Amino acid sequence: MRRRIISLTVLAALVATVLFALPLGIAVLKYYHDDATADLERAADAAALAVSDALATGRPPIVPPPEDDDEAEGVVGVYTPDGRLLAGHGPATGGALERQAASATLDVVTGHEGDDRVLAVPVISGSRVTGVVRAALPESALTLRIALTWHGMAGLAIVAIGASWLMARRFTTRLVRPLEELATAAGRLGDGDFTVRGPRAGIAEIDRVGEALDTTAARIGSTLERERAFSAEASHQLRTPLTGLRLQLEAALETPEADPLAAIRAGIASADRLERTIEDLLALGRERRAPRAELDLDALLEEVREAGEALLSPHGRTLRIIRQEPPPARVAAAAVRQVLGVLLDNAATHGRGTVTLVARDAGDTLAIDVADEGPDLGETDPFATAAAGHGIGLRLARSLAEAEGGRLRLSRPDPPTFTLLLPATEV
């Protein structure tokens, strides 16, 4: 990319220089030719004025020297009308240009004689041509002046192109280096380094790309972190129906005289609950919350009762559900079902005695209390990861509750009581 930008910049400078230099070079050529003609004409006119009296009276003419010895005006010679050199410098016999000037058909005659650029003017006294003044400049001198000017222009063009090359290298480095750093940062992001941050180059467009890369890296890192945490929490959550199913099957094996159909039906019900749990977790994992609708609390409590009995009855424990005129709520049933599943699993694993679930009205709030007869939790934080294993499932339950606009808290440490608060539907 560096080479391409530099090449394009130098090419653009070269094209611009050529497009500018060509007409300028032609203009220089025309200027020097016109200037040479003007110099010759000025020298010839000055000599003609100086020798006109002498030629009119028949005296020998004297050609004045050039002003300030300026040889650029050329050499001057005075000729008779028949082409014989009288004074000054030039060929001994005049040529066609001098004869044409002697005919007095033109005031000024210009042309080339050998290697000279020649200008001839007639000297007139009255109506008679008394002589011809010839001014000549070597063509090589004019060519040298043009060549020196063109060489100077070429040198300036080389300097301009070289300056363009240097500036292109400098600005290309400034432009390409942050792009290379962005490419490196994007590669690190692709390798899984979500702490990478794009460079700042002081160029608005590149800085916007860097900011977009930073935002993307932070967003991907945050999403991946949440997904990893959710996966760990979900795997823990799946253990609840699996544990219930295992306990039911173990109980059936320990009592072979019992009706196997009942054990099969209970196992199928537990498998259905496990399937529903997986579907809920997949939905919650995709969106972090399922679509909200009017909560069918009766159906939900019936599902909780079946799951709780399957989980607690193998340990000789019972589940009691109490309704105290709970208000309606508009929340995702999947999220509430999983929160209550976590609380039941927590009570079954770490609690004792009867588990009591109370659905009640808490003033514009649906409150669901889950309590057991376990030991006093004291000042411990059950939502933190602990050796007893409370933390993972309870953290998941709390995050699901907050995603529904509710709260999950330990409302009483003794006996341990967790309360799920959900916003009630306005009537």
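This report walks through a predicted model of one protein, from its overall make-up to a few local details.

**The chain as a whole**

The protein has 427 residues, and buried residues account for 38% of them. Its secondary structure comprises 9 helices and 12 strands. If you take the contacts between residues at least 6 apart in sequence, 64% of them join residues at least 24 apart.

How confident is the predictor? The average pLDDT of the protein is 80, and 84% of the residues score at least 70. One stretch to treat with care is residues 386–392, where pLDDT stays under 50. For that stretch the model has 14 contacts beyond four places in sequence.

**Two helices side by side**

Helix H7 covers residues 297–312 and helix H8 covers residues 333–350. Their axes come within 10 Å and cross at roughly 25°. Angles under 35 degrees count as roughly parallel, and H7 and H8 are therefore roughly parallel to each other. The crossing in which H7 passes H8 is right-handed.

Which residues make the contact? On the H7 side they are Leu300, Glu303, Val304, Gly308, Leu311 and Leu312. H8 contributes Ala333, Val336, Arg337, Leu340, Leu344, Asp345 and Ala348.

**Aromatic pairs**

The structure holds 2 aromatic pairs. In one of them, the rings of Tyr31 and Tyr32 have centres 5.5 Å apart and planes at 65°. Planes over 60 degrees apart count as edge-to-face, so the Tyr31 and Tyr32 pair is edge-to-face. Tyr32 has a relative accessible area of 15%, so this residue is buried.

Phe383 and Phe418 form another pair, with ring centres 6.1 Å apart. Their planes stand at 90°, so this pair is edge-to-face as well. Here the pair links distant parts of the chain, as Phe383 and Phe418 are 35 residues apart. Phe383 sits in the loop between strand E10 (365–371) and helix H9 (391–403), while Phe418 belongs to strand E12 (residues 417–423). Both Phe383 and Phe418 are buried.

**A buried glutamate**

Is Glu98 buried or exposed? Its relative accessibility is 2%, so Glu98 counts as buried. This residue is part of helix H2, which spans residues 96–102. Leaving aside residues up to four places away in sequence, Glu98 touches Tyr79, Glu113, Val118, Val132 and Arg134.

**Places brought together across the sequence**

Two C-alpha separations show how parts of the chain meet. Ala362 lies in the loop between strand E9 (355–361) and E10. With a relative accessible area of 36%, Ala362 is partly exposed. Its C-alpha atom is 9.8 Å from that of Pro423, a residue 61 places away along the chain.

Arg412 is found in strand E11 (residues 407–412). This arginine is partly exposed too, at 45% relative accessibility. The C-alpha atoms of Arg412 and Leu377 are separated by 8.8 Å, and the two residues are 35 apart along the chain.

**Backbone details**

Most residues other than glycine have a negative phi, and most peptide bonds are trans.

| Residue | Phi | Loop | Relative accessible area |
|---|---|---|---|
| Glu325 | about 50° | between strand E7 (319–324) and strand E8 (330–331) | 71% |

Which residues does a cis peptide bond join? The bond lies between Asp414 and Pro415, with omega about -10°. Pro415 is found in the loop between E11 and E12.

Notes. Residues are numbered from 1 along each chain as its sequence is written. This is a predicted model: local features need pLDDT of at least 70, side-chain atom pairs count only at pLDDT 80 or more; totals for chains, interfaces and linings use all residues. Side-chain values use heavy atoms; hydrogens and water are left out. pLDDT is the predictor's confidence in each residue, from 0 to 100. Contact means heavy atoms within 4.5 Å. Rings of Phe, Tyr and Trp (its six-membered ring) pair if their centres lie within 6.5 Å; planes under 30 degrees apart count as stacked, over 60 as edge-to-face and the rest as tilted. Buried means under 20% relative accessible area, exposed over 50%, partly exposed in between (1.4 Å probe, protein chains only). Helices (H or I, at least four residues) and strands (E, at least two) are DSSP runs, numbered from the N terminus. Axes are lines fitted to C-alpha atoms, for helices over the stretch in contact, and angles run from 0 to 180 degrees between N-to-C directions. Angles under 35 degrees count as roughly parallel, over 145 as roughly antiparallel, 65 to 115 as roughly perpendicular and the rest as oblique. A crossing is left-handed if the near helix is turned anticlockwise from the far one by less than a right angle, and right-handed if clockwise.
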